[in-house]
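The stops below are meant to be selected in the order given.

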Amino acid sequence: MWRDLLSRFGQASQLVVSMQHSMHVDAHLDRVLDQFAPSTIWKYVATVRQFMSTCNDSGIDPVNITPVQLADLLMTASLAKSTDGGSSHQTTIKALRWCAKMAQITTWDFFYDPIVDSFLKQKRLIDRKEAPPLPLWTIVQFERRVLMSSCPESQVIILGSFLLMCWTSMRFADMQRVSLKSFVYDPHSLRGTCWRSKTTVRGQPFGLVSSGLMSEGSFTWALKFLWTMDQILTRLHLDDLDFVLPAFRDDLLVVPLEPMSYASALQHLRKFIHAPWRTLDSPIKHLSLNYSLHSLKVTFLSWSNQLAEKILPELRMLQGHHRSSAHQSMRLYSRDDVLGALRCQTILRKELLRGWRPMIPLHRGGQLPMVEPAVQIELFRKQADDLSLTWFACQDHTPLPAPEPQTNELGDSSDSSASSDSESSTASADPAPPTRAPPQHTAGASDDKYC
């Protein structure tokens, strides 16, 4: 797309002129765009191509367009946007400025003129559309489902990927740029590196507390997810995989493996968001269209903001992978950016187990009112002695310490819900400490819901 676009400019592009006698044109052109994310390049190139097509339809030479002609086209496009779904003023102008700079188009030096710049500085107030955070009820249902022995392989991978996005506050596109060889698992955390993200070409580390919300033993949703992925990679004899969520078709893994598309992942999220495996009605089944994949990223950030008195802004910034110019040098030489995120997640987990519940932020627009369903978090202890990872790097499994010494632990499975469709027993805020060591969660009559 980029080379095709450059060919349309011809001699008007100084970049094309300078490359005419080079023996490494492709390498030079690739290096020019290497600093941008693929999604950004695709968006800007597609917008410029659409703009040039509009110019040709209007009888205007796109290379020699004047500021007044550009302003007229932007006004015409705004009137037709409701019918053709065209790009906004802001996107079009930003894409044209980007193209003029990258392709060095000398005739496009007027994009900062007042008449063009005025489209970016309108004072008309427009309410921003924001992805709401997922309810705690949904996160708990995802984790419970992954821990069930009856959970199929496809759901373990898909729901586990959604939980990974939620705990690490990563974008979907960033999660699909993660080398699985970078995963390192220990009894307390899962860490990895995104080899490229929306905000940086150098990659960024991420980490999550492996215990999740429900596990106090070494058997956790993160280990179940890694073990399932370990079996797939070993079965297919793969040396590496540079994305986390593979594509599924009719609940079957697509082979050879390919990354799941955004549209397919969004469809799965809105299908699973109300836990269709339960026989009871979902309390949020009428709200699934309000959520997007970006809701996974903002969930923990929204919750941590509500605990501002206990979670420092620096920790919340690290959880969201946001950069601070004041600490840039310190972060460069720290060699481990995930410790702050792990502390943020640990505080959130502790407060949730104590009984604190997040609130739904103010709802935007005229959709149905959003509510936070009541949820009870089940705690259980089980060791993962029968699960071993061969493809991933990991340490020996050891029991995780309970987050609070006074927190009750579930013993026999008869103390927990007898069915996966019923709600779990709650973690009390101030329970009495046990008088004896809690029994291990061993196999029993109703224990098969956790594998």
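A nonpolar core is a set of buried Ala, Val, Leu, Ile, Met, Phe, Trp, Tyr and Cys residues joined through side-chain atoms within 4.5 Å; buried means under 20% relative accessible area, exposed over 50%, and partly exposed in between, with a 1.4 Å probe and protein chains only. The model is predicted: local features need pLDDT of at least 70 and side-chain atom pairs count only at pLDDT 80 or more, while totals for chains, interfaces and linings use all residues. Residues are numbered from 1 along each chain as its sequence is written, and side-chain values use heavy atoms, with hydrogens and water left out.

**The cores**

Begin with F183 and W221, which touch the most other members of the largest nonpolar core, a set of 85 residues. Helix 9 supplies the largest share of this core, 10 residues; helices (H or I, at least four residues) and strands (E, at least two) are DSSP runs, numbered from the N terminus. Then select I41, M52, L73 and I105, which are among the 38 residues of a second, separate core.

Return to W221. Which residues does W221 contact, leaving aside its neighbours within four places in sequence? Among them are E143, V146, L163, W167, L208 and S215, where contact means heavy atoms within 4.5 Å.

**Helix 9 and helix 13**

Display helix 9 (153-168) together with helix 13 (residues 294-306). The two pack at an angle of about 40°, and their axes are 7 Å apart. Axes are lines fitted to C-alpha atoms, for helices over the stretch in contact, and angles run from 0 to 180 degrees between N-to-C directions. At the meeting of the two helices, select F162, M165, C166 and W167 from helix 9, and L296, K297, T299 and F300 from helix 13.

Most residues other than glycine have a negative phi, and most peptide bonds are trans. Select S169, in the loop between helix 9 and helix 10 (172-175); its phi is positive, near 55°. Next, go to H237, in the loop between helix 11 (221-235) and strand 4 (248-249), where phi is also positive, near 55°. Are these residues buried or exposed? S169 is buried, with a relative accessible area of 0%, whereas H237 counts as exposed at 70%.

Finally, select V255 and P256, which are joined by a cis peptide bond with omega about 0°. P256 lies in the loop between strand 5 (252-253) and helix 12 (262-272).
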